[in-house]
Amino acid sequence: MREFQFAVGSVLGRDHRVAGKNNQDAWYVSTGDTCDIVLVADGCSAGTHSEVGAHAGVQMVSRAIRRHVELYNAAGIPHTAFSSSGPFWEGVRLDVLRQLRGFAQMMGERLPTALNTYCLFTIVGALLTKEWASFFSLGDGVIIVNGEMIRIGPFPNNEPPYLAYGLVPTSLERENPALLRFWVHREEPIESIDSFLIGTDGAWDLHEAELLPMPGKDEPVGPLSQFWSEDRYFRNQDMLRRRLTIANRDMTRASWDERELIIEHGLLPDDTTIITGRRVSVP
């Protein structure tokens with residue numbers, strides 16, 4: 001499929017930078033004849049190496065989705081079946097859990113320890129087939145479709161559900177098992193999709209900062225719509241990352257009147273990852 005073009009950017013959050021942590025977000029774009037799949041993942045901040053599972057997880061989820069799309073195509077099942085009320089996404093979830101279990105067992109630790117250390121991550125994504133578009137999540141984040149924003153979360157105590165919780169007993173499984181399943185927030189015919197954005201929860205901080213000046217500059221951060229409406233983000237595939245980096249850098253300037261140095265801090269406390277897509281114009 002080549003109906004859409006994509007732009008991607010990710011930046012280490014200010015709080016993680018100060019704490020000496022890595023960027024625990026991950027992203028993945030998989031294009032093919034049957035479908036395009038775009039995913040962002042946010043590793044649990046409490047996990048020592050959550051970025052490991054996040055990077056592996058987006059590939060596991062992508063492979064599982066593509067396998068199930070091909071199975072449905074071979075069986076002649078219409079793509080309108082890719083809804084959260086049908087078996088498609090539960091099949092994807094169970095497929096990924098099997099992969100995650102094997103991945104965690106390779107770490108040589110007890111399963112709960114390995115999961116907590118490496119494998120806790122949220123997922124937000126888009127599945128684009130020749131007929132249908134589905135925008136989904138398991139955990140928190142941001143989805144924007146044709147300019148309409150959906151904020152997913154925050155969850156109580158800032159504790160989002162993680163896909164890997166499906167491998168160990170949790171209170172969520174007893175009290176609210178729906179939180180441990182993929183949820184489709186928007187689904188419609190592919191021809192109705194002009195643009196979209198998916199992001200980790202840090203994208204919400206960027207949205208709230210849109211009227212603030214960029215650190216060290218007079219220009220404002222600007223709305224999230226810039227990332228699908230401005231050509232520069234698609235002409236230069238590093239431009240979106242650069243924009244996020246500039247928004248999150250700390251700048252020091254001198255105030256000669258007050259005879260002091262003023263520090264302007266970056267605007268994104270959490271790791272922030274965005275994938276935006278828009279329909280390719282046909283000349």
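What share of the contacts with a separation of 6 or more in the protein chain comes from residues 24 or more positions apart? After that, please zoom in on the largest nonpolar core: which residues touch the most other members?

Reply: Before anything else, this is a predicted model, where local features need pLDDT of at least 70 and side-chain atom pairs count only at pLDDT 80 or more, while totals for chains, interfaces and linings use all residues. Residues are numbered from 1 along each chain as its sequence is written, and side-chain values use heavy atoms, with hydrogens and water left out.

Your opening question: residues 24 or more positions apart account for 70% of those contacts (a contact means heavy atoms within 4.5 Å). The chain holds nine helices and twelve strands (DSSP runs numbered from the N terminus: H or I of at least four residues for helices, E of at least two for strands). Of its 283 residues, 51% are buried (under 20% relative accessible area; exposed is over 50% and partly exposed lies in between, using a 1.4 Å probe and protein chains only).

Now for the greasy middle. A nonpolar core is a set of buried Ala, Val, Leu, Ile, Met, Phe, Trp, Tyr and Cys residues joined through side-chain atoms within 4.5 Å. The largest one here has 41 residues, and Ile-65, Trp-89 and Leu-127 touch the most other members. Who supplies it? At least two residues come from each of β3 (35-43), α2 (50-75), α3 (88-105), α4 (111-118), β4 (121-129) and β5 (132-138). Helix α2 is the top giver, with nine residues.

Leaving out residues up to four places away in sequence, Ile-65 touches Ile-37, Phe-88, Trp-89, Val-92, Leu-127 and Phe-136. Two of those partners, Trp-89 and Leu-127, are named with Ile-65 as the residues touching the most other members. Apart from this core lies another one of 22 residues, including Ile-144, Ala-209, Met-214 and Phe-227. Why do such groups turn up? In soluble globular proteins, nonpolar side chains tend to be buried together.

For contrast, peek at the loop between β7 (148-152) and α5 (171-175), where Pro-154 is found. A cis peptide bond joins Gly-153 and Pro-154, with omega about 0 degrees. Asn-157 is in that loop too, and Asn-157 is exposed, at 68% relative accessible area.
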